[in-house]
Amino acid sequence: MDLKLTTTTFANNVKEETKKQFHFNQEDEEENYVINLYPEVVYQKIEGFGGAITDAAGYVYAQMSKEQQEEALRTYFGKEEMNYQIVRTHMDSCDFSLGHYEAMSDSQDLEMESFNMERTEKYIFPLLEDAQKACETKIEIMLTPWSPPVFMKTNGERNHGGKLKEEYKAFWAEYICRYIKEFRNRGYQVTRISLQNEPKATQTWDSCVYTAKEEKIFLRDYMYPALCKNGLSDIEIFIWDHNKERVFDRACEIIGEDTNHMVAGIAFHWYSGDHFEALQLVKDKFPDKKLILSEACIEYCKYSSDNYLENAQKYAHDIIGNLNHGMTAFYDWNIFLDEMGGPNHVKNYCDAPYMFDMKTKKVLERNTLSYIRHFSHFIKPEAVRIAHTRYTEKLDVTAFKNTDGTIAVVLLNTEDEERQAYIRIEGHGVKVTIAPNSIATGIISR
């Protein structure tokens, strides 16, 4: 039994990657520094890792040279690189758009004859098309609305929350179905939707507010029936799509005898903190539901844009905690942004793994890119999480069994000193050293 350990560090923000190989020995009764792996105890299956193709990401992508585009997409979607296979994108505009837009704005057009995808065709479809070419499998797409068209809103605008007017609930459900069909008619594999991005937040950008009761009613009486009516019953529906601190509450309020069969899972964001226990509560009460992180990014309104290492460590800590409490898929936010963290039509700037300096025309790689790769490259789609124990909370650990039988174990050390680890599995053990401020992934072949 062998262990191939890949370690990434960023001393003085300079990336260094090392690879070492170890051989497991028959266990020698080691009691200290132990990390136990139990492949026979399995949990959820991972669908994969990916990111968001937004209007802003598509615009930034369009400013790159062809060589820069190809390299970045090969890194994201290449099987031997980050191996992204899933994508999230928005229906109509979101904050990471160059401005407001919607596929139709005529309240009298009940047949949707004026419905058009011009703005989606401008930046989103070209990036999505090239991403599909770079990916060796069919990309699965999640669509999410940030706001219904203005004429359907109680506040008469896309921004600042507001609610969906009662008289437009059926029409809005049909509108979402039309969006799915437009994507599918172009050959894109839309497999899931969420009902509303951040339904509890009244944002200064595109937003719409639903109480749990309102979201349940829209799901049960309008959206699910519309999908069935339009031959789209294969589409998975995800509820909530907001932060973790209320994910359990929302699941309990929406999932019942009348809606259980309609809900594929619960989508969540990371902006309110760890709350890993909340995911476990959902998993325990609703074991058949998928848990997906549908959005995460370093918001510049909360975190410093130049804390590159610390920001990457936040990502890894959150990914590991989510995985260890039931997460089945991970969607990063924008895959490309400019050097400011936009464009964003309300200046809600944030970080992305790839930034592009519009003046120098250089691609800027953030540390988060390498940190996410430690999960997305080594933990393959269809891998199952296995049980582990660790000797210290100063090492974050998760482990998965891939379909080829290999075991991927990810170890995160956010401390300024190295950590020892004695990895035990099936009566064998091996000693390794985890470098200070590093992330390491070991692949165990048996």
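The structure is a predicted model, in which local features need pLDDT of at least 70, side-chain atom pairs count only at pLDDT 80 or more, and totals for chains, interfaces and linings use all residues. Residues are numbered from 1 along each chain as its sequence is written, and side-chain values use heavy atoms, with hydrogens and water left out.

Glu 426 lies in the loop between strand S19 (419–425) and strand S20 (428–434). Its phi is near 50°, a positive value in a residue other than glycine. Lys 361 also has a positive phi, near 65°, and is found in the loop between S14 and strand S15 (362–365). With 40% relative accessibility, Lys 361 counts as partly exposed. A cis peptide bond, with omega near 5°, runs from Gly 342 to Pro 343. Pro 343 is placed in the loop between strand S13 (336–338) and strand S14 (354–357).

The protein contains nine helices and 21 strands; helices (H or I, at least four residues) and strands (E, at least two) are DSSP runs, numbered from the N terminus. The radius of gyration is 22 Å, close to the 22 Å that the globule rule gives for 446 residues, so the protein is as compact as a globular protein of that length. This radius is taken over C-alpha atoms, and the rule is 2.2 Å times the number of residues to the power 0.38. Of the 446 residues, 60% are buried.

In helix H9 (residues 367–376), 10 of the 10 residues are buried, so the helix is largely enclosed by the rest of the structure. The buried residues of H9 include Arg 373, His 374 and Phe 375.

In soluble globular proteins, nonpolar side chains tend to be buried together.

How values were computed
Buried < 20%, exposed > 50% of the residue type's maximum accessible area, 1.4 Å probe, protein only.
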